[in-house]
Amino acid sequence: MIEVKDLHFTYPTGVEALRGIAITIDDGEFLAIMGQNGAGKTTLVKHFNGLLKPTKGEVVVDGVNTRKVSVAQLARKVGFVFQNPDHQLFCETVEEEVAFALRNFGFEENAIKKRVDWALNILDVMQYRQTSPFMLSGGERKRVALASVLAWDPQVVILDEPTIGQDHQQKEKLRQFIVQLNAQKKTVVVVTHDVEFVAECNPRVVLMSGGKIVVDGRAEEILTNPKLVAQASIVSPQITQIFLGLSDLGLPTNVIDVHEARRILLDFLEAHVS
Amino acid sequence: MIEELGNNVASETLTVIETRNLTYTYPGATRPSIRDVSITIERGEFVILTGPSGCGKTTVCRCFNGLIPHFYGGKLEGEVAVASLKVVDHTIYELARHVGFVFQNPENQLFALSVEKDVAFGLENLAVPRDEMRKRVDWALQMTGIEELSERPPHELSGGQQQRVAIASVLAMQPDVMILDEPTSFLDPVGAQKIFEVINELNKKLGITIILVEHRLDLASKYANHVIVMDEGKVVLDGEPREVFNSEKARLIGVGVPKATRLYQILGENGIRLRRVPVTSEEAANLLREVLKRD
Amino acid sequence: MSMFEGFKFRRVSSAIHRLDPRVKFFFVCVLFVMAILFNKLPPLILLFFIPLPFVFMAGVQREWLRSMRGALFFAAIIFLFNFVFTYFYTQYPRFPSASLLERSSAMTLRFFVLVESFSVFFLTTSPDHLGLALEQSHVPYEFCFAFTTAVRFVPVLADEAQTIMDAQKARGLELERGNFLKRVRNYIPILIPLIVSAIRRSLELAEAMESRAWGASEKRTNLYVLKLKKADYFLASGSVLMLIFAVYVWLFVPVPSLATLLGFS
């Protein structure tokens, strides 16, 4: 469980990135942190694994104050998948890459072998086991980076802008993967500005703007509220925009899913045919 | 040699890009990245080029400005001509007068320490005289709405601002065609919209042919009048946006068609027919209104 | 590395910032030559004070002070080495003389004058002005471009290095632990992604350069041009006069040591 109490953070350059954040994330939750570039989303999640320490206030992960422990200790529980996999990859083979963190954490050799196998398998990169990570395509490198984080089985997985540069199918696979992780009772925190992706997942959404949390609630309430959406400089999903344009006909406006949209329209037509 | 605005022999022909059975294999690769690509792009079009990752979209674009074959080497078969120039017969810098390329990562296409020096970069390479250069730089900055940023260093700018600088630096060279390869990848939706609006202005006001490689069809499709879908190196769909997005093939390949179109499709499955295929939420809302109010 | 802080350009405008970099460089070189000519304290002390009005006019006192403070460490080393070795080589076991003390101090002060003048130069010259000066001095364009592009990417690479360190720390890499050898090895996961990224970046840059007509003309034109103004001519002629004066003094005038001036010897 992650508890953030009155968190303020100012970068050494003087930029005040976080101005009083308070939030609690329970085990097994799926949370999307949204907002425009510069709102403070990545700054916030970097406090969860101790990469950044609060200027004021505190962050408590599983009962431990992040100021009192090292990043390596927190990382054992909180996995962070960075936006650009090329910032991590450096080993000669994919296998070594996935084993890297396990060695850092002091796992035993046979435990390492088992976990590497498992991680390579679930991310579908087993066939590249002995390949150099630099030879793989962009999407494959992303999967290797994800495998290398999941290998040590952290309780919390943070994904920083995982949908950038991904095509529709890749995003769908990612979405399914997150659902799988969640089903295994893992806490998943996704930092993103991809509204359509969030609309498909329908998680808890925390909307940030200017270093503060604007609102914290369900995706279908937040993404469908034009005032909140404008305040955080994002856009509503297309389906929502359609329904907002038809609100005068008495249709609900908190629709984000295309299948839900069909159901509502069909019901409306049936009700009005008579 | 001073290039005068619009005074180009090539501007008399209607077709600005034409390829015939274009096939290309990167050096060291065992298979071609693109196969038998034959497309025709007419002057003034706003083309969206899309398809799953790895389908060859970027490779095709590189053939348009000469990076293929001159920069990348490899084996090029078939024909490709841009602004009536055969790409294989002209150097990249000759082609650069006609085709501009805006890349995905804003950071790696800005070299100078101030915005206006970056915008002038291409013109300096072309040895444009200083007075003419100054005029074109100011014009390009104005068209992309970044005049106040002219003396700022690129590192201090946001991703969206950097991309506008990149667009301005290509625009200053006054090309016939501008290729943009996933220019909004690193931008948030509001930033992406601004970029699309700038590109659209250039297309509608200046008549520059646009080739936009994109995945984010929900934001970009409303500007296009020509969509090309590729898959595994081949062109599988080529035509008018509404037809292409509505086709079964697009869905099968896994193209992320706009949700408005998707709604049209699944309503159709339940017997509800909208008058046209929508690509934007406004169109969908209006079309739905017709159907809902009828009863 | 606070000494290097004293060399970073600050975006301020002053009369000194507006001087032509070529003239400023000439001025700094003249100071350099003068510092080498003399090895007695009085002229060196004079030389130390010459750039000071420039520092204040440019408003860069704080950074300049930082460079001086940073140079203190190296200066102390220079002084000690010079003093100790010369003493043991020439005067041991007698008591060290005032002239030896003065000679070593002069060496150290010479170092300060060098750091001071180059610091003023770099603090008041923007990298693009510098690049422009190189271009107009007929340095081949490839080198000027390499220079300005390198400067442009320094902050980018610094940020990237930080991101890479964060990413690896988040995988349990501990950079502060272990003996010296282990610590050096721990930097491999930082260096390799950095180098690979630099290579990828240069490929993308090359593509962008080509696409913007790189190599289209034998002789490039330039958006900006450096023009010499009155102040530049003034500084240039002043520097020449200083140099002539210094050479004259060096040749014909016996320079007193500080000890003599103060009445010791």
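This is a predicted model: local features need pLDDT of at least 70, side-chain atom pairs count only at pLDDT 80 or more; totals for chains, interfaces and linings use all residues.
Let us start with chain A and its sheet. Six strands of chain A form an open sheet in the order β6-β7-β8-β3-β9-β10, with mixed pairing. Strands here are DSSP runs of E with at least two residues, helices are runs of H or I with at least four residues, and both are numbered from the N terminus. Two strands pair if DSSP finds at least two bridges between them. At the edges of the sheet you will find β6 (78–81) and β10 (212–218) of chain A, each of which pairs on one side only. On average, neighbouring strands of this sheet are turned by 15° against each other, direction ignored.

Now zoom in on one pair of strands. Strand β7 (residues 156–160) of chain A runs parallel to strand β8 (residues 187–191) of chain A, and five bridges join them. To see one of these partners, look for Val157(A), whose bridge partner in β8(A) is Val188(A). α5(A) touches β6 and β7 of chain A, and its direction makes about 170° with that of β6(A). α6(A) touches β3 (30–34), β7 and β8 of chain A, and its direction makes about 150° with that of β8(A). Such angles run from 0 to 180 degrees between N-to-C directions, and the axes are lines fitted to C-alpha atoms, for helices over the stretch in contact.

Step back and look at chain A as a whole. Chain A is divided into domain 1 (2–220) and domain 2 (237–274), with bounds that come from an automatic or database domain assignment. The C-alpha centres of these two domains of chain A lie 35 Å apart. Where they meet, six residues of domain 1 of chain A are in contact with four residues of domain 2 of chain A; two residues are in contact if their C-beta atoms, placed from the backbone, lie within 7 Å. On the domain 1 side, α7 and α8 (219–222) of chain A each supply at least two residues. The largest share of that side, three residues, comes from α7(A).

Chain A also touches a neighbour. In this contact, 34 residues of chain A meet 33 residues of chain B. α11(A) gives the largest share of the chain A side, nine residues. By class, the chain A side has 16 nonpolar, 15 polar and three charged residues. Ala, Val, Leu, Ile, Met, Phe, Trp, Tyr, Cys and Pro count as nonpolar, Asp, Glu, Lys and Arg as charged, and the others, Gly among them, as polar.

Inside chain B, we return to our opening pair. The axes of helix α4 (residues 115–125) and helix α5 (residues 130–143) of chain B come within 10 Å and cross at roughly 125°. α4(B) and α5(B) are therefore oblique to each other. Angles under 35 degrees count as roughly parallel, over 145 as roughly antiparallel, 65 to 115 as roughly perpendicular and the rest as oblique. A crossing is right-handed if the near helix is turned clockwise from the far one by less than a right angle, and left-handed if anticlockwise. Among the residues that meet are Val119(B) and Leu123(B) in α4(B), and Met133(B) and Val137(B) in α5(B). This contact has seven nonpolar, no polar and two charged residues.

For another pair, find helix α11 (residues 259–269) and helix α12 (residues 281–294) of chain B, whose axes come within 8 Å and cross at roughly 30°. That makes α11(B) roughly parallel to α12(B), and their crossing is left-handed.

Finally, chain B meets chain C, through 36 residues from chain B and 26 residues from chain C.

Key
Residues are numbered from 1 along each chain as its sequence is written. Chains are lettered from A and ligands numbered from 1 in the order in which they are written.
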